[in-house]
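User: I'm new to this one and would like to learn how to read it. Could you walk me through a few features, one at a time?

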Amino acid sequence: MGTARRQTDLGLRPESGRKSDPEEIAFPGRRSFLGVLLGVGTVTMGALLSVPLARFTLYPLFARTTETKWSDLGAVKEFSSITSPVKRLVTVERLDGWRENVSEQAVYVNRSGSGHLRVLSTICPHLGCSVSWHEDRRLFICPCHGGVFAPDGTLISGPPPRSMDALNTKTEDGTLKVEYQYFRKLVPTKVLIG
Ligand code: FES
């Protein structure tokens, strides 16, 4: 009597007065089992949903630093009769993580010894100055430290550690395209940096 009254005073129903759930009597572990199942389901769903979110967020960290696109240089027939390097400006689109950069870069289109079209970067492999073609001397010359290159970009003299960098090209629907890329300076071999 005293215990039942204290429980009533505290707002609790006396144990003897509580009605039992018939299902709980029939399946005593059912509620706890459903609770565990719900918990596991929630955790699994949370984990599954977090994977694409994490990939989306971390993509710029793990993706290639930069991604280049092919740029148009003009109709192949425009270059069919060239006898000297021809300068062209190309629009270069690059993807750095989530950001897209658009810039203009200069290249020279020329013919290789075998007659194929060749596209050369104007960035000097010494310290990065812009190499230009001198028709009177029929040479490429770098204005910064006097690097000299043959018409096909082969190093002739000066401090550059290698020849001018040839860029990847392809022809699509009669249009010459170039994959503009950057290479490490001051090293004797061509090393792609982006
Ligand atoms: S930057 Fe071209 S020779 Fe030095």
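User: Let's start with the hairpin. How many residues lie between β4 and β5?

Analyst: Keep in mind that this is a predicted model. To read a hairpin, find the two strands and then look at the turn that links them. Here β4 and β5 form a hairpin with 5 residues between them. In that turn, G115 has a positive phi of about 95°.

User: And in which sense do the two strands pair?

Analyst: Follow each strand and look for the bridges. Strand β4 covers residues 99-111, and its pairing with β5 is antiparallel, over 5 bridges. For a landmark, look at Y108, which sits opposite L120 in β5.

User: Where do I look for a nonpolar core?

Analyst: The general idea is that in soluble globular proteins, nonpolar side chains tend to be buried together. In this model, the largest nonpolar core has 18 residues, and V107, V119, V131 and V178 have the most contacts inside it. β4, β5 and β11 (175-179) each supply at least two residues of this core, with β4 giving the most, 3 residues.

User: What does V131 touch?

Analyst: Leaving out residues up to four places away in sequence, V131 touches T122, C124, F140, C142, F149 and M164.

User: Last topic: backbone angles. What should I look for in phi?

Analyst: Most residues other than glycine have a negative phi. Two residues here are worth a look. D173 is not a glycine, yet has a positive phi of about 50°. L186, another non-glycine residue, has a positive phi near 65°.

User: Where are D173 and L186?

Analyst: D173 is in the loop between β10 and β11, while L186 is found in the segment after β11.

Conventions: Residues are numbered from 1 along each chain as its sequence is written. This is a predicted model: local features need pLDDT of at least 70, side-chain atom pairs count only at pLDDT 80 or more; totals for chains, interfaces and linings use all residues. Two strands pair if DSSP finds at least two bridges between them. Helices (H or I, at least four residues) and strands (E, at least two) are DSSP runs, numbered from the N terminus. A nonpolar core is a set of buried Ala, Val, Leu, Ile, Met, Phe, Trp, Tyr and Cys residues joined through C-beta atoms within 7 Å. A residue is buried if 20 or more other C-beta atoms lie within 10 Å of its own, exposed if 12 or fewer, and partly exposed in between; C-beta atoms are placed from the backbone. Two residues are in contact if their C-beta atoms, placed from the backbone, lie within 7 Å.
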